[in-house]
Amino acid sequence: MKNHKVLMLLACCSMLICSCQKPKPIVLIPEPVQCTPKSGNFTIDSDTYLCFENLSGQASETSKAIHNSYKKMFKLRPNLGDKSSCHRNYILFELNDKEDKAIGAEGYTLVVKRGHIIAKANTPAGLFYAFQTICQMAYPDLLADSKTFSIPCAKITDYPRFAYRGTHLDVSRHFFDVKFIKRYIDLLASYKINKFHWHLTDDHGWRIQIDRYPALTKVGAWRPERSSWDTLHPVLPEEPATYGGYYTKEQIRDIVRYAAARHIDIIPEIEIPGHCSAILATYPQYACDDYPYTVAVGPYWPPKAIMCAGNDDVLTFYKNVLDEVAELFPYPYIHIGGDEAFNDNWQVCPKCQKRIADKGLADETALQQWLMNEIEQHLKQLGKKAIMWDDIVSDDMVNQCAVMCWQGIDVAKTAAKHGNEVILCPTSHCYFNFYQEDPEKEPLAMTGLITLEKAYEFDPMPQGLTKEQEKKILGGQCNLWSEFINTPEQAEYMLLPRLCALSECVWSPANKKDFKNFSQRVSYHQQFLSKNGYNCRK
């Protein structure tokens with residue numbers, strides 16, 4: 001009887017302690033479709049089992065990625081098994097035998113109980129995103145340097161609002177090595193971003209190995225190094241070309257594999273027909289004029305630099321380059337630029353004027369549409385689809401490409417009404433190379449201001465479209481142009497925490513967005529990112 005009373009007293013004390021414990025916050029970004037907290041916690045420790053069901057063949061790459069990330073995140077080596085070995089203290093990742101239509105291709109369900117966690121999805125991508133959610137649920141304990149990690153009990157149903165959730169990086173203005181590109185990809189994956197737009201060529205450097213044109217990386221990948229990017233003058237004859245770099249084909253294949261394991265598609269961009277100083281410095285015969293082009297330095301670039309649209313060799317050059325690019329990148333889309341193609345030289349070039357006459361084109365604008373359409377058709381023959389900047393958009397455009405809209409909502413609506421697929425990245429909300437606070441208090445950046453709250457206001461779905469036109473809106477992305485971003489640390493500073501806002505804009509239901517609530521959650525993420533070595537703006 002005495003022992004019975006002691007046990008009763010201990011049980012009551014245990015219940016009292018449990019009832020007095022403050023529930024751990026659930027600080028997920030992006031906000032899931034539905035999250036129902038329950039009482040209690042699941043504990044990740046050295047005895048936890050990590051189990052995978054139905055993840056064989058290609059899907060095993062996801063289980064490997066989850067396993068490796070688990071070890072890195074929690075600094076624990078889990079016991080491994082399948083569903084049959086899951087009895088206690090386990091996390092099970094299971095592909096559905098029968099499709100759950102409610103969650104789609106990238107969604108998941110997550111049930112956290114005291115004794116186990118069960119994640120289910122229709123695809124490996126969904127399971128990968130479920131794992132990102134589990135990691136974020138552990139952030140409070142990870143910040144506290146705990147040896148065990150409490151995951152709040154909850155039931156979560158989640159799936160993305162948009163299929164295209166992208167982040168861009170310009171490696172032409174400033175070059176970033178393979179190590180940082182992989183670190184960048186890891187960061188995107190943690191916020192359920194699934195597209196990496198890799199801006200590989202521009203006036204300031206050509207960054208991709210092309211076997212047929214080796215001079216592109218021997219000459220076009222290098223320029224004089226300037227201490228300041230606010231000096232507006234071209235290359236001087238005595239300046240040596242010491243700054244630059246490029247990615248070999250093997251490095252690109254490695255990065256593509258690395259991204260694919262994290263369910264990120266890479267979209268390469270080859271600029272056509274403008275932003276081509278690096279090409280013309282290497283192959284001056286492709287220009288309309290005899291200007292002495294050099295790889296551009298600083299913010300200076302000759303705005304008249306444009307490839308000659310009347311020269312058949314230019315078409316051959318682009319097609320040969322894209323043949324090699326298409327072989328490296330399995331994702332169906334390739335970005336071919338089309339922006340800021342100033343056609344002054346075309347207006348006075350005999351070859352370009354002859355092309356306009358021979359093709360019965362109205363003017364130089366129509367000439368660009370013709371040129372881009374020629375490239376677009378070549379990509380179709382390669383099994384690819386073109387993306388172009390919205391400079392190509394007009395009421396009478398002939399291009400059936402996907403359109404990336406940087407100039408605003410109106411041009412996005414025009415493209416969608418024309419029947420083109422649309423990706424939104426307007427300068428008003430998505431150019432993360434702009435200042436994020438008072439320029440007097442911030443490092444030098446591109447003119448413009450996008451605060452965290454402004455970034456959070458972004459909605460990729462334009463108002464005033466029909467249901468059929470809305471289907472043309474693939475999603476949105478943020479852009480990181482690197483004119484004033486010359487180190488990995490500065491790239492992270494400009495991206496974080498605005499990437500958190502972008503991820504919620506493209507994943508979460510529009511009616512769940514709440515900046516006050518987001519601000520509370522993002523504070524945990526800022527602390528966690530900073531603690532893990534990311535240069536996250538406070």
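Okay, let's start with strands 17 and 18: strand 17 and strand 18 (residues 422-424) pair in the parallel sense over 3 bridges. By "pair" I mean that DSSP finds at least two bridges between the strands. Before I go on, this is a predicted model, so local features need pLDDT of at least 70 and side-chain atom pairs count only at pLDDT 80 or more, while totals for chains, interfaces and linings use all residues. Residues are numbered from 1 along each chain as its sequence is written, and side-chain values use heavy atoms, with hydrogens and water left out.

Also, helices (H or I, at least four residues) and strands (E, at least two) are DSSP runs, numbered from the N terminus.

Val403 has Val422 as its bridge partner in strand 18. Buried here is under 20% relative accessible area, exposed is over 50%, and partly exposed is in between, with a 1.4 Å probe and protein chains only.

Next, Gln368, which sits in helix 12 (residues 364-381). Gln368 is buried, at 11% relative accessible area. Its contacts (heavy atoms within 4.5 Å), leaving aside neighbours within four places in sequence, are Pro273, Gly338, Ala341, Trp346 and Ile392.

Now the open sheet: 7 strands, order 1-7-5-6-4-2-3, mixed pairing. Strand 1 (34-44) and strand 3 (79-81) are at the edges with a single partner strand each, so one side of each has no neighbour in the sheet. The twist averages 20° from one strand to the next. Inside, strand 5 (residues 108-112) and strand 6 (residues 116-121) run antiparallel, joined by 4 bridges, with Thr109 partnered by Lys120 of strand 6.

Last one, helix 17 (residues 488-495): 6 of its 8 residues are buried, including Tyr493 and Met494. The buried residues pack against strand 8 (164-170), helix 5 (178-190), strand 19 (434-435), strand 21 (473-478) and helix 18 (498-507). That's me done, thanks.

Terms used
Axes fitted to C-alpha atoms, helices over the stretch in contact; angles between N-to-C directions.
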